[in-house]
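Here is a short briefing on one protein chain. Look over the fold, then read the points below.

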Amino acid sequence: MNTLNNKYRLMLGVILLAITAPPASAYILNPSDFAAEVVDYVEGNGMVRDYVTGEAFNNPANAIGRPTVDTTGDGFTIRLGETAPVVPIYGAFRSFELVTVGQGGQLTVKFDHRVTNDPRNPFGLDLIVFGNAAGVAQDYWTNRNPNALTVQDTLRAERGIVSVSQDGTTWHTFTNGPYADTFAPSLGRVYDPNHPDRSIGQWNQWWGLPTDPTKPLDPSITRLAFVGKTVAEVAQIYADSAGGTAFDIGTLGLDWIQYVRVENPLNSGLTPDIDAFADVAPVPEPSCVAVLAMAALAHCRRRKTAH
């Protein structure tokens, strides 16, 4: 009998190990997770330019695909040729990463599928819009030790009004927010000092695999949760989420949408920047491995009760 019980214990241990083992790879890029097509772009007024190249932020194709993981050095506190992972105090800022919606302008994109109000979506959120909002630290970011810099009570953000549509004709607006290019700032890579990705530079001792842009940050977390924490501690709050501003299309009475628009009113004094649009991935159903584990555990308990 002990031999039989030991077999069950061994089988259960192997199954549980398979369930709890860390993933072997990062989030797998699927183009359908992101907006696939620019439908319309009106540049608007007040267009800004990349101070490195002088190029305008007016390429709407920059909003297609996944959000920026790594940007570049700014040429001041970080060497211009150095790769710089996007962190909540140092967002994407180059003309080839973002598109600006100027005052009186708008950007409309389309997904290649329906973005649904899925009850399995984390926190009931369905859509994430990524901009380049960023927090402020007590000193300049140098792309080095994220444990050495503390975040302050300030967020640099330029909000854009978001509307969604099923057919590209009838629009439903998040009138009172959330707004594009606001909280939460993007995080490009997981804080993982045990497995740093040296491919971005031998200096890197902290940043691991790319974060998951289809996983929203817990909406109960606000910018105030970051105040007084180091960049490393903030990144640990994100875990493997890429952040971004998340939306629940169910609050508009919709079951699904396929088009998203960001508008910037004339004379707003703002120039929101857009990096990407993502469809939130639902929490997967229990895997076959998990079901086997639960069955094995129940069987062992039944045998123990019977004897």
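Where is the place of Phe 76? Phe 76 sits in the loop between strand S2 (70-72) and strand S3 (83-85). This is a predicted model: local features need pLDDT of at least 70, side-chain atom pairs count only at pLDDT 80 or more, and totals for chains, interfaces and linings use all residues. Residues are numbered from 1 along each chain as its sequence is written, and side-chain values use heavy atoms, with hydrogens and water left out.

**Two phenylalanines**
- Phe 76 counts as exposed because its relative accessibility is 68%.
- Buried means under 20% relative accessible area, exposed over 50%, and partly exposed in between (1.4 Å probe, protein chains only).
- Phe 34 lies in the loop between helix H1 (2-20) and strand S1 (37-42).
- Helices (H or I, at least four residues) and strands (E, at least two) are DSSP runs, numbered from the N terminus.
- Phe 34 counts as buried because its relative accessibility is 1%.
- Phe 34 and Ala 278 are 244 residues apart in sequence, yet 4.5 Å apart in space, C-alpha to C-alpha.

**Five-stranded sheet**
- The open sheet of five strands runs in the order S1-S5-S14-S9-S10, with antiparallel pairing.
- S1 and strand S10 (171-173) are at the edges with a single partner strand each, so one side of each has no neighbour in the sheet.
- Two strands pair if DSSP finds at least two bridges between them.
- Strand S9 (residues 161-165) pairs with S10 in the antiparallel sense over three bridges.
- Ser 163 stands opposite Thr 173 in S10.
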